[in-house]
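Please look first at the sequence and the predicted model shown here. The paragraphs that follow lead through the structure step by step.

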Amino acid sequence: MPHDMLPCLSAPPDEAPPLEHHLASLAAAVADRGRAAMLCLLMDGRAYTATELGTVAGVAASTASAHLARLTEQQLVVMIKQGRYRYFRLAGAPVAQMLEGLMGLTRGGTAVRSSTPPALRFARTCYNHMAGTLAVHLHDRFLALGWLTGEGHYQLSGAGQTGLQQMGLSLTPAQPAAGCYCLDWSERRGHLAGALGAQLLQLFERRHWVERHLDSRALTLTPAGRQAVARHLGALPPAERR
């Protein structure tokens with residue numbers, strides 16, 4: 001084939017990099033073990049300093065700064081300045097959902113269940129909502145009771161609005177809470193995310209139905225929480241049935 005007939009495989013210099021270039025850059029940012037450790041910590045929805053994130057990642061301060069710069073460049077984390085302190089948190093719910101999905105792809109279902117600490121598997125935070133056995137149970141009971149309508153993207157039914165208001169959730173007719181399906185990496189089933197999922201976690205914490213662990217994303221279902229779930233939803237999660 002004459003030289004002037006060879007196909008051009010590279011994009012012209014004035015064109016934006018192709019989608020696969022951005023995807024590869026994003027994947028490379030997550031692929032590093034230290035940066036992955038930072039992202040896993042940030043999945044609890046809190047903001048942390050570079051020192052705290054560097055400690056979790058097991059790297060020096062200079063390396064932690066470089067990691068956070070890379071994650072910020074890829075729009076996975078954002079920096080919040082408060083006084084003379086700088087904190088970092090996940091860039092938003094879509095990032096958390098992406099990470100939760102990747103966690104679900106890391107190993108086969110049996111291996112994940114056997115290696116995940118029981119407390120973390122039963123209940124934990126997933127950015128701004130609940131995950132684990134408890135969250136999957138709530139999702140399934142809401143569907144069984146007819147409180148949610150839709151497929152994947154949910155709206156509250158009339159019965160759902162009444163039921164959640166009886167649980168103590170504040171809802172306005174003008175702005176009914178919407179939720180969405182989120183695949184749970186330890187249960188391999190769906191739990192409730194979106195605005196409704198976030199409001200549900202806030203309700204459970206406000207009523208002291210769950211308590212956060214200081215050193216992980218795990219949540220403990222309190223005795224008051226067990227009573228509330230049984231009373232309002234008619235059944236407890238399998239691990240809590242006695």
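Is Thr 133 buried or exposed? With a relative accessible area of 15%, Thr 133 is buried, because buried residues are those under 20%. Apart from residues up to four places away in sequence, Thr 133 touches Arg 121, Phe 122, Glu 187, Pro 237 and Pro 238.

From this single residue one may turn to the chain as a whole. The secondary structure of the protein chain amounts to 11 helices and 10 strands. The chain has 242 residues, of which 40% count as buried. Among the contacts in the chain with a separation of 6 or more, 58% are made by residues 24 or more positions apart.

The largest nonpolar core consists of 29 residues. Which of them have the most contacts inside this core? They are Met 130, Leu 134, Leu 138, Phe 142, Leu 164, Leu 200 and Phe 204. At least two residues of the core are supplied by each of α8 (133-144), β6 (153-156), α9 (158-167), α10 (194-206), β10 (219-221) and α11 (223-233). The largest share, five residues, comes from α10. Leu 200 illustrates how such a residue is surrounded: neighbours within four places in sequence aside, Leu 200 is in contact with Met 130, Leu 138, Phe 142, Leu 164 and Leu 169. There is also a second, separate core of 24 residues, which includes Leu 39, Tyr 48, Val 77 and Met 103.

For helix α2 (residues 33-42) and helix α3 (residues 50-57), the axes come within 8 Å and cross at roughly 120 degrees. The angle therefore makes α2 oblique to α3. The crossing in which α2 passes α3 is right-handed. Which residues meet there? From α2 come Gly 34, Ala 37, Met 38, Leu 41 and Leu 42, and from α3 come Leu 53, Gly 54, Val 56 and Ala 57.

Most residues other than glycine have a negative phi. Gln 75 is not a glycine, yet its phi is positive, near 60 degrees. Gln 75 lies in the loop between α4 (61-73) and β1 (77-82), and Gln 75 is exposed, with a relative accessible area of 62%. Tyr 127, also not a glycine, has a positive phi of about 65 degrees. The loop that holds Tyr 127 runs between β3 (124-126) and β4 (129-131). Is Tyr 127 buried or exposed? Tyr 127 has a relative accessible area of 16% and is buried.

A last stop is Glu 151, placed in the loop between β5 (148-149) and β6. Glu 151 has a relative accessible area of 76% and is therefore exposed, since exposed means over 50%. Glu 151 and Cys 180 are 29 residues apart in sequence, while their C-alpha atoms are 8.5 Å apart in space.

Definitions and conventions
Residues numbered from 1 in each chain as written. Predicted model: local features only at pLDDT ≥ 70, side-chain atom pairs only at ≥ 80, totals over all residues. Heavy atoms only, no water. Axes fitted to C-alpha atoms, helices over the stretch in contact; angles between N-to-C directions. Helix = DSSP H or I, 4+ residues; strand = E, 2+ residues; numbered from the N terminus. Parallel < 35°, antiparallel > 145°, perpendicular 65-115°, else oblique. Left-handed = near helix turned anticlockwise from the far one by under 90°. Contact = heavy atoms within 4.5 Å. Core = buried A, V, L, I, M, F, W, Y, C linked by side-chain atoms within 4.5 Å. Buried < 20%, exposed > 50% of the residue type's maximum accessible area, 1.4 Å probe, protein only.
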